[in-house]
Amino acid sequence: MKLDFELVPDGCWYSNLRSILSKEAWDFVRKDAYARADGKCMICGTVSSRLEAHEKWDYDEESGIQKLTDVLAICKDCHAVIHIGRTSLKGDESAACEHYMKVNGASYAEYRRALGEANRRHQSLNRVSEWALDLTWLKRYT
């Protein structure tokens, strides 16, 4: 699927580049993503003058490492799908569901199945009590 859910393990909430980096460093990283995107969402391709920076993370349960793999410039609709848990809490799940199905050419049943898989993965990731950060991806900026 082009667009998927990225449920962040509970222990990693609020662990993001914006809170870790200086304002200047974060601005540099996110503006680089915007430049690479060239005014289009890097997931669905929608042209937008207001893209959002999204951090891509991989989680290695064996080693307990949360590894930064990219920072993407994406539209608010894709961001709402990616963070479906937060979106649902805000009461906006139906719009996110429609966007997910449109971008992926998926049925409602496929949406529900993917969401179930994401929730199972989230439960598994929550078994890791503490995550170590791997920010080596940022070395590209040094």
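**Entry 1: the sheet**

I looked up His54 and found that its bridge partner in β2 is Leu72. I then checked the two strands: β1 and β2 (residues 65-74) pair in the antiparallel sense over 9 bridges. Two strands pair if DSSP finds at least two bridges between them. Strands are DSSP runs of E with at least two residues, helices are runs of H or I with at least four, and both are numbered from the N terminus.

A reminder to myself: strands of a sheet pair through backbone hydrogen bonds, either parallel or antiparallel.

Before going on, I noted that this is a predicted model, where local features need pLDDT of at least 70, side-chain atom pairs count only at pLDDT 80 or more, and totals for chains, interfaces and linings use all residues. Residues are numbered from 1 along each chain as its sequence is written, and side-chain values use heavy atoms, with hydrogens and water left out.

Next I traced the sheet, which is open, with 3 strands in the order β1-β2-β3 and mixed pairing. β1 (52-60) and β3 (132-134) are at the edges with a single partner strand each, so one side of each has no neighbour in the sheet.

**Entry 2: Trp26**

Which helix holds Trp26? I found Trp26 in helix α2. Is Trp26 buried or exposed? Trp26 counts as buried, at 8% relative accessibility (buried means under 20% relative accessible area, exposed over 50%, partly exposed in between, with a 1.4 Å probe and protein chains only). Leaving aside neighbours within four places in sequence, Trp26 is in contact with Leu17, Arg18, Leu21, Ala53, Glu55 and Val71; contact means heavy atoms within 4.5 Å.

**Entry 3: two helices**

I turned to α5 (residues 93-104) and α6 (residues 108-125), whose axes come within 10 Å and cross at roughly 110°. Axes are lines fitted to C-alpha atoms, for helices over the stretch in contact, and angles run from 0 to 180 degrees between N-to-C directions. That makes α5 roughly perpendicular to α6 (65 to 115 degrees; under 35 is roughly parallel, over 145 roughly antiparallel, the rest oblique). Among the residues meeting here are Cys97 and Tyr100 in α5, and Tyr111 and Leu115 in α6.

**Entry 4: cysteines**

How many disulfides are there in the whole structure? My search found 0 disulfides, a disulfide being a pair of cysteine sulfur atoms within 2.5 Å. The sulfur of Cys44 is 3.7 Å from the closest cysteine sulfur, in Cys75, too far for a bond. For Cys97 the closest cysteine sulfur is in Cys78, 14 Å away, also too far. I noted that Cys97 counts as buried, at 7% relative accessibility.
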